Amino acid sequence: MINKSKDIKYIRNKLTNEGYKFTNQREKIIEAIYENNMHMNVDEIHSKVKSENIGISTIYRNLRILEEVGVLKKINITDTSYYELDNAGKHKVQIHAKCVKCNKIIDINEDEISENLDSLIEKLKKKIKVKSASIVLSGICKECEMK
């Protein structure tokens, strides 16, 4: 994401168009994810917004709504859900790698493998209407490999 105010405006419009209000609590949750600039689980989000008196059930409820309207992506990795902003609707496929040693989640730029990815999606379209996709790879990150 490049322009925070533009992205927040996009999210506000997306929520409004889907019949939801852009509440202060939703804004704080979005800002926590935005400012952290990484994948966050519910506990990590809660630690960032609990000073605003936002409870864990409110976070779960709002994450579900934000995912439903398409501004948030949920990535399930080894029984934990991580959340990231959906980059203002620019990407259809999310590709991630998780380091099995340090648990870091790394975004893979789909542009680097777009030709093969497009071919895969075209094959899948014959069997299912693909609305979005999330691919998670496991391995050892460069930092852990060098240790």
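Modeller: The discussion below sets values against definitions. This is a predicted model, in which local features need pLDDT of at least 70 and side-chain atom pairs count only at pLDDT 80 or more, while totals for chains, interfaces and linings use all residues. Residues are numbered from 1 along each chain as its sequence is written, and side-chain values use heavy atoms, with hydrogens and water left out.

Colleague: Why is asparagine 41 called buried?

Modeller: Buried means under 20% relative accessible area, exposed over 50%, and partly exposed in between (1.4 Å probe, protein chains only). Asparagine 41 has a relative accessible area of 16%, and is therefore buried. This residue is found in the loop between α2 (24-36) and α3; helices (H or I, at least four residues) and strands (E, at least two) are DSSP runs, numbered from the N terminus. Leaving aside residues up to four places away in sequence, asparagine 41 touches Thr80, Ser81 and Tyr82, where contact means heavy atoms within 4.5 Å.

Colleague: What does a side-chain oxygen of asparagine 41 reach at the start of α3?

Modeller: That oxygen comes to within 3.1 Å of the backbone nitrogen of aspartate 43.

Colleague: Why are asparagine 53 and asparagine 103 put in separate accessibility classes?

Modeller: Asparagine 53 has 70% relative accessibility and so counts as exposed, whereas asparagine 103, at 43%, is partly exposed. Asparagine 53 lies in the loop between α3 (42-49) and α4 (56-68), and asparagine 103 in the loop between β3 (93-99) and β4 (105-108).

Colleague: What makes their phi values worth noting?

Modeller: Most residues other than glycine have a negative phi. Phi is near 60 degrees for asparagine 53 and near 65 degrees for asparagine 103.

Colleague: How do you know that α2 and α3 are roughly perpendicular?

Modeller: Their axes, lines fitted to C-alpha atoms over the stretch in contact, are compared by N-to-C direction on a scale from 0 to 180 degrees. Angles of 65 to 115 degrees count as roughly perpendicular, under 35 as roughly parallel, over 145 as roughly antiparallel, and the rest as oblique. The two helices pack at about 110 degrees, with axes 9 Å apart; α2 and α3 are therefore roughly perpendicular. Lys28, Ile29, Ala32, Ile33 and Asn36 in α2 meet Ile45, Lys48 and Val49 in α3.

Colleague: Why are the buried residues of α3 said to line one face?

Modeller: They are Val42, Ile45 and Val49. Seen down the axis of α3, these fall within an arc of 65 degrees, so they line one face of the helix; the arc is that of the directions from the helix axis to the C-beta atoms. The buried residues of α3 pack against α2, α4 and β2 (80-85).

Note on methods
A polar contact is a pair of N or O atoms within 3.5 Å; within protein, one must be able to donate a hydrogen and the other to accept it, and residues adjacent in sequence count only if both atoms are side-chain atoms.
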